[in-house]
Amino acid sequence: MGIFDWIRLIIGSAFLICGLVIFFTEIFGVFHLNYVLNRMHAAAMGDTLGISSCLIGLMFFSGLNFTTLKLMLIVCFLWFTSPVSSHVVARLEVATNDNLDAHCLIYDDVKDLEAELAEADNAAAETDKTTGGEVS
Amino acid sequence: MIFHYIYITVLIILALMLFACLIRAVKGPRVADRLMSVNMMGTMVMVMISVLALMLNEGYLVDVCLIYAMISFLAVVVLSKVYIGIYEEKRKAEENPDTNTEQGGMSDGNL
């Protein structure tokens with residue numbers, strides 16, 4: 001093995017180990033969190049970042065050929081489809097859960113949330129102004 | 001030779017993680033839980049197939065991996081649509097139990 005092969009081995013193994021650590025984090029999160037919509041957050045991380053770093057490591061092992069191109073195609077495909085499938089599963093959960101209020105806060109209309117956020121913003125700005133006035 | 005050992009180690013670690021995913025799929029209290037863990041298992045199997053393709057020096061296995069990615073995406077989307085349809089049908093039947101909604105087939109749930 002020449003020096004080039006050693007460099008390839010080290011970089012590829014680093015990416016592979018990184019991907020495996022991300023997969024482990026994903027599984028830890030899936031067992032640690034206690035509701036589907038929280039667990040989905042951990043699961044989506046492995047679907048995009050974990051598999052892409054594993055496949056980048058494998059690309060370094062493979063060298064410059066058509067296999068590398070196909071691996072890149074898989075990574076691109078997963079970047080497009082993973083958010084879509086996460087969204088669809090979240091919609092399934094929201095549509096079929098009858099007591100969703102027990103797990104998260106729900107607004108009937110988006111305008112309610114916007115009004116509340118604007119109010120909070122205004123309050124923060126006012127307190128800023130008053131404290132600023134006191135300081136100066 | 002070193003590459004071979006690396007591939008074997010990665011495959012063993014991925015197999016253990018796949019088993020943990022399977023436990024989540026069996027335990028998961030809701031349907032969305034199971035679908036999510038099946039999606040995770042698909043991702044890990046994709047990495048395993050790619051590692052095998054390099055280990056056996058067979059480039060065509062990467063094509064299998066690409067098809068696997070497409071089919072697992074399709075499975076998640078179709079299964080969640082089917083479950084939403086079943087739930088809507090059940091709720092409709094509970095709301096008006098007089099009208100017998102025996103139309104055959106399941107509704108598509110805004111597919």
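Reading along the sequence, chain B runs α-α-α. That comes to three helices and zero strands, where helices (H or I, at least four residues) and strands (E, at least two) are DSSP runs numbered from the N terminus. Keep in mind that this is a predicted model, in which local features need pLDDT of at least 70 and side-chain atom pairs count only at pLDDT 80 or more, while totals for chains, interfaces and linings use all residues. Residues are numbered from 1 along each chain as its sequence is written, and chains are lettered from A and ligands numbered from 1 in the order in which they are written.

Of the 111 residues in chain B, 29% count as buried; that takes 20 or more other C-beta atoms within 10 Å of the residue's own, against 12 or fewer for exposed and anything in between for partly exposed, with C-beta atoms placed from the backbone.

Now for the interface. Here 38 residues of chain B are in contact with 38 residues of chain A, contact being C-beta atoms, placed from the backbone, within 7 Å. On the chain B side, helices H1 (2-27), H2 (31-55) and H3 (60-95) each supply at least two residues. H2(B) gives the most, with 15 residues.

How do H3(A) and H2(B) cross, and at what angle? The axes of H3 (residues 66-96) of chain A and H2(B) come within 10 Å and cross at roughly 175°. Axes are lines fitted to C-alpha atoms, for helices over the stretch in contact, and angles run from 0 to 180 degrees between N-to-C directions. The two helices are therefore roughly antiparallel (over 145 degrees; under 35 is roughly parallel, 65 to 115 roughly perpendicular, the rest oblique). Residues making this contact include A:Leu71, A:Ile74 and A:Val89 from H3(A), and B:Leu35, B:Met36 and B:Met46 from H2(B).

Chain A is assigned domain 1 (3-99) and domain 2 (105-136), with bounds from an automatic or database domain assignment. Their centres, taken over C-alpha atoms, are 38 Å apart. A:Asp128 lies in helix H4 (residues 110-135) of chain A. A:Asp128 is exposed, with 10 other C-beta atoms within 10 Å.

Key. Contact = placed C-beta atoms within 7 Å.
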